[in-house]
Amino acid sequence: IDFTHARFCAAYGTPDQIPEAKRPEVSVVGRSNVGKSSLINRLVGRKALAKVSSKPGKTATVNFYDVDGIYLVDLPGYGFAKVSAAEKRRWADLIGGYFDQERSFNLVVSLVDIRHEPQKLDHEMVGFLKEGGFPFVVVLTKADKLSRAQQQRQRALIARELDIDPETVLVTSAEKGQGIDELKDAISAACV
Ligand code: GDP
C-alpha cells in the first residue's frame, strides 16, 4: 500500500448514508482527543488530511479516505463529556450502525492514550470488537510523552486491563513517527 496515495472521499452523518463496501476497509476508533486525526495524517504523510480537531466534540461524522485503493474509515471520537445526550445517542447510532453493516472490516484500529488506564468506553469498545469477532489491533498513542521504560510499563498494564496479548499492542507517536511503520505493516497485512 502506498500510504501517500490518499484522498478524502466523503463524510456521512447517518449510517444509512454510508455506501456499500466494495473495497478492503480499515476503521479507526478511539476517544475524542486520543490523537486519531494526528495519527491518520502521519500515516499518509500529510499535515491535514484528517483535520486535527481544534474543537473536540464537533459534529460527529464517519469520514472515508481512499488510501491507495483501500478505504480508511475515520469513525467519530467517543467520550467527549461536553456534548448533549442526544449527540451521544447519535454517536452510538452512527458507530453501532456502521459496525452492523455488511462490510469487509479488514482491520479495526482501536486507539488508546498511552498515558492513561483504559477508560470505561475504551473497555466497551474493545469488548465489542472481541465479542463481534472483528479483527482489531490496539494502538497506543502519544508515546513521545513517556520514556521508553514508561512506555513498556503502560503497554503491559493496558494490555492486561483490556485482556489482550501485549505483543499485539502497538506503541506509536504521531509526533515522532514511532511505531508508524509497524502500523502500516499491520494494515497492509490485513488488506491482502
Ligand atoms: P483526535 O481528537 O483524536 O482526532 O485527536 P487530535 O489528533 O486532534 O489530537 C489531540 C491533541 O493531542 C492535539 O493537541 C494533538 O497535537 C495532540 N497529539 C496527537 N498526537 C500526538 C502525539 O503523538 N504526541 C503528542 N505529544 N501529542 C499528540
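Colleague: Among contacts between residues at least 6 apart in sequence, what percentage join residues at least 24 apart in the protein chain?

Modeller: Contact means C-beta atoms, placed from the backbone, within 7 Å. Here 75% of those contacts join residues at least 24 apart. This is a predicted model: local features need pLDDT of at least 70, side-chain atom pairs count only at pLDDT 80 or more, and totals for chains, interfaces and linings use all residues. Residues are numbered from 1 along each chain as its sequence is written.

Colleague: How many helices and strands does the protein chain have?

Modeller: Both are DSSP runs, numbered from the N terminus: helices are H or I, at least four residues, and strands are E, at least two. The chain has five helices and seven strands. Their order is β-β-α-β-β-α-β-α-β-α-β-α.

Colleague: Which residues of helix H5 are buried?

Modeller: Count the other C-beta atoms, placed from the backbone, within 10 Å of a residue's own: 20 or more is buried, 12 or fewer exposed, in between partly exposed. In H5 (residues 180–190), Leu183, Ile187 and Ala190 are buried. They lie on the same side of H5, because their arc around the axis is only 65°; the arc is that of the directions from the helix axis to the C-beta atoms. Asp181, Asp185 and Ala189 are exposed on the other side of H5.

Colleague: What covers the buried residues of H5?

Modeller: The cover includes H1 and strands S2 (25–30), S5 (107–113), S6 (136–141) and S7 (170–171).

Colleague: How many residues surround the ligand?

Modeller: The test is a C-beta atom, placed from the backbone, within 6 Å of the molecule. The shell has 19 residues, with Gly35, Lys36, Ser37, Ser38 and Glu175 the closest. Helix H1 (residues 36–44) gives the largest share, three residues.

How values were computed: Two residues are in contact if their C-beta atoms, placed from the backbone, lie within 7 Å.
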